[in-house]
Amino acid sequence: DFDAMESLKKGDRVDVFYRMLKQCRPSRKYLAVNHPMQGAHRPRMGMSDGWVAARVAADSEASEERVRIEYEWPHFFTMRGHLADPDSSWSELYFKSDVRKSASPTSLPSQGEAPELAILTFRWGGVNEIAECEQWGETGRSTSDIFINSYLEAFERHLGTTYEVWTVYIEDKSDMSKIAESAHLIFGSNHPIRRARNVCSMYHLWPTAFEENCFPTHETGEDCGATLVDQKAMWRMMQAVERAGIPSRFPHDSGFYELLASKRWTSYMALVPHLLVPATVSLPRMLIEGGDDHCKRAAAWAKQTLEGVRQQQAMLRGEAAAHGSIHKGVVKLGFSWEALDVKYWEGEEELRTAIYQLTQAIEISEEFTGQPHDLETIIIQEYVKHDLEMRLYVVDGKVEAIVYTKFCKIKSNKEFGEFMETTCSDEAAEWMGDDYETLQEGEMQCRQLVTYWMAWVEAQICQVPPGIRFDFFVGRSDKNGKAIVRTLEICELGFSMLGKKDLPAKVFAAMLRACLGQTELPEPRQVGQASRAPKQPEQSTSSPQTLYITVPKRPDGTPEQAQCTGQYDLVSGTRPNGHPLWINTRGDRFLYCGTDNYWYVGDEEEQDVNFECQSGYIRHENEPGISPDQLTGVWNRGENWTDDEGICITTDPEAKAPAKPSKGKWKNKSR
C-alpha cells in the first residue's frame, strides 16, 4: 500500500480496494465481473470487495489523505444487468491506505499476494427490495446489505484489505439450479477465489416451501417476500458448493441448516426427556388431503398421537401421568420466518380449522387463497402455559446474552400478536408477577438445557458453531421459586439480536474465527486516518421512512440551499458513519450524518466520498438517539453556518420538491 505521506501523479497505474456497499449508491451496486457474460446473464456474479485496477485521475500531494482515481477495469455490472460505461470520466476519492501499486491492469483480481480470506456470498437479487425492520437491531436482518456490511466491517478491522468477497445474486430457483449443476465448474481450481488461503461461502437467503411468486409469499412483510427462495433448490445449491470444496460458514452447513429451518427436530427430539421439548408430532400431508372429512380425521389422529407423546414424556421424565386430554396447542409450518404460519387452537374443531388453513385455504388481506407449499408434514404441538420466552444467545459455545420476550395477545385469526421484548431482568420479573426468585431458577434451568442442546448440536456438525440461539418457555409452577421450562425454538446463526448492542461484535468475531479456522484473531489493524476507522452504530429510535425538508428562500441565501427542499426516503442497506441515510426523491440530495457528528444535506459530491466528510448546504448538530426530525434548536445554512429558524425537517408531507437543482456551490465545511 502507498504510504499516507506519498505523492501520486495523474496517470499512475494503481489498484484500489473496492467495496461495493460503500462505493455505490444503493440503487446502483456494481460488481466487478471477470467477463461481461457474467454480468449480463443470470445468475449474475462477480467481485464485490477486493482489489481492482485503476489510474490516478489527479495529482495527490504527500500532505493529502486521499487520491482521486478512475477505474481501469472495464466490466462493472449491477444486480439487474446494467453496466457502467467504461469510457465515462467517472472518478472517486480513495484513502491512500486503500491504494497500492498496480500488479496488472488486465486481470481481476490483481495477481498480487493471495488474500487471507475469500468469501462467496449468495444474496437476494429479486426486483422487490428488502425492507428493514427495527426489531432486528442495528445490524439488520441476516439477509440484508446492512447485515453483510456490518460483519465485513468487523472482519476488516482484523484483516485490513487482505480479504475478498465474491457475490452471486439469486432471483429464483432457476438461478440456484444452474449453480447446483455447475458449482464444481464455476468455482473450480481456476476461479480467482481459489487463490485465497481460506475460502468459505455464506448464504443470505431464507428457504421457503411456498411456490415462488405465489400470493401468500407476495403478502409476506412490507417487501413482498423478498429473500424467500425455494428450499429444495437452495439445499441442492448449498450441497453442490460444499462438494466443490467451499465450506458453508453462514448460517451453517446445508444439512444442519435444513434440520433447523424445517423444524423437524421438534418431533424428532420430543421423546428425549432431558431436552424438555413440548409434546410434538409431525402430521403427514397425505392424511389431510382429500376433503374436509380427511382433514377432520387427520386432526383426531394428530390429537390422539399428541396425547400419547405427552404420556410417554411423563414416563421418561419420571413425572406423574398427565390427566385429561390436550385442549390447547399450536400448528406450525416448517421453513417459516418471523413467527409466520403459526396457528393457536383450542379443542379438536379449532385444530381441524388450523390444519385446514395451513394446508388448504386461508384468508389473507381479505381474500381466500390456497396454500401452495410442498411440505410433506405439518407440526402440531401442545401449548405450554408460560409467563415469558427466554432467549439465550450462544457464541462459541458460551451464553453471551439473554433477552426476554413475549406475545401478549392471541388475535382473532388465531395468530400471536403484540410482541414485547426487554433485556432487563427486573422488567421480566414483573411479567412473572414480580417473582424474581422463580425467574432466576428458570434461567438456571435454561442454562443447563443449553449445555444439553450444545452436545446435540456438536453431534450433528462435529464442531461448535460460531453462534446459535435457544428459546425457552418459562413460567411459574405451583411450587414457590420453581419454574416450568420447555424448549421452544433453536434459531440458526443470523438470529435477531434485538437491542443487545455488544452482541454483534462477539458474533462477528466468532464468525471470522470460523472462516479462518483459528481460535485467535489477528490483532486489529491500525488505520492511518481517524475518519477511516469503522464507526459503531449509535443507539437510536426508529428511523422515519420518509422525511420532508423545507429550506426557505432568503435574500441572503442561494437557490442551491433552497433546492434542498423536498421529500427524502430512508435508504436501506447502508448506514454511513453509523447513522441512517435519506435520499431526496429526485436522487440528488442526501441527508446524512458527517464525520464531525453533524447532520448535513449534501449532494453527489458527498456521496462520491461515501459521506466520510463534513460538508453540505444545511447542518444541525446530532443528538444521540434522536432522528433528524426530532432535533432541538435551529438548523444552520452555509456558507457561514448562520442560524435559520425557517429550516424545517419533519414527517409532515407538506414540503414540496422544487425543480432540478445545481450542485456544489454555497456549501461549507465544518473543521
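Q: How many helices and strands are there in the protein chain?
A: In this predicted model, the protein chain contains 15 helices and 35 strands. Its radius of gyration is 27 Å, close to the 26 Å that the globule rule gives for 671 residues, so the chain is as compact as a globular protein of that length. The C-alpha trace spans about 85 × 60 × 45 Å along its principal axes.

Q: How do the strands of a sheet pair?
A: Strands of a sheet pair through backbone hydrogen bonds, and the pairing is either parallel or antiparallel. One case here is an open sheet of four strands, in the order β14-β19-β15-β16, with antiparallel pairing. The strands β14 (280-284) and β16 (342-346) stand at the edges; each has a single partner strand, so one side of each is left without a neighbour in the sheet. On average, neighbouring strands of this sheet are turned by 25 degrees against each other, direction ignored.

Q: Over how many bridges do β14 and β19 pair?
A: The strands β14 and β19 (residues 377-382) pair in the antiparallel sense over five bridges. For T280, the bridge partner in β19 is Q381.

Q: Which helix lies across β14, β15, β16 and β19?
A: Helix α10 (residues 347-359) lies across these strands, and α10 runs at about 160 degrees to β16.

Q: What is the order of the strands in the open sheet of five strands?
A: The order is β22-β21-β20-β23-β24, and the pairing is antiparallel. The edge strands are β22 (416-422) and β24 (483-491), each of which pairs on one side only. From one strand to the next, the twist averages 30 degrees. Within this sheet, β20 (residues 388-395) and β23 (residues 467-476) pair in the antiparallel sense over eight bridges. Opposite E389 stands F473 in β23.

Q: At what angle do helices α4 and α6 pack?
A: Helix α4 (residues 173-186) and helix α6 (residues 231-243) pack at an angle of about 25 degrees, and their axes are 8 Å apart. Angles under 35 degrees count as roughly parallel, and α4 is therefore roughly parallel to α6. Their crossing is left-handed.

Q: Which residues of α4 and α6 meet?
A: From α4 come K173, M176, S177, I179, A180, E181 and A183; these meet A233, M234, R236, M237, A240 and V241 in α6. The residues of this contact divide into nine nonpolar, one polar and three charged.

Q: Are α3 and α13 roughly parallel or roughly perpendicular to each other?
A: Helix α3 (residues 145-159) and helix α13 pack at an angle of about 65 degrees, with their axes 10 Å apart. Angles of 65 to 115 degrees count as roughly perpendicular, and α3 and α13 are therefore roughly perpendicular to each other. The crossing of α3 and α13 is right-handed. In α3, the residues F147, S150, Y151, A154, F155, H158 and L159 meet F508, M511, L512, C515 and L516 in α13. This contact comprises ten nonpolar residues, two polar and no charged.

Q: Where is the place of A514, and which residues is A514 in contact with, leaving aside its neighbours within four places in sequence?
A: The place of A514 is in helix α13 (residues 503-516). Apart from its neighbours within four places in sequence, A514 is in contact with R249 and P466. A514 and V464 are 50 residues apart in sequence, while their C-alpha atoms are 9.4 Å apart in space.

Methods
Residues are numbered from 1 along each chain as its sequence is written. This is a predicted model: local features need pLDDT of at least 70, side-chain atom pairs count only at pLDDT 80 or more; totals for chains, interfaces and linings use all residues. Side-chain values use heavy atoms; hydrogens and water are left out. Axes are lines fitted to C-alpha atoms, for helices over the stretch in contact, and angles run from 0 to 180 degrees between N-to-C directions. Helices (H or I, at least four residues) and strands (E, at least two) are DSSP runs, numbered from the N terminus. Angles under 35 degrees count as roughly parallel, over 145 as roughly antiparallel, 65 to 115 as roughly perpendicular and the rest as oblique. A crossing is left-handed if the near helix is turned anticlockwise from the far one by less than a right angle, and right-handed if clockwise. Contact means heavy atoms within 4.5 Å. Ala, Val, Leu, Ile, Met, Phe, Trp, Tyr, Cys and Pro count as nonpolar, Asp, Glu, Lys and Arg as charged, and the others, Gly among them, as polar. Two strands pair if DSSP finds at least two bridges between them. The radius of gyration is taken over C-alpha atoms; the globule rule is 2.2 Å times the number of residues to the power 0.38.
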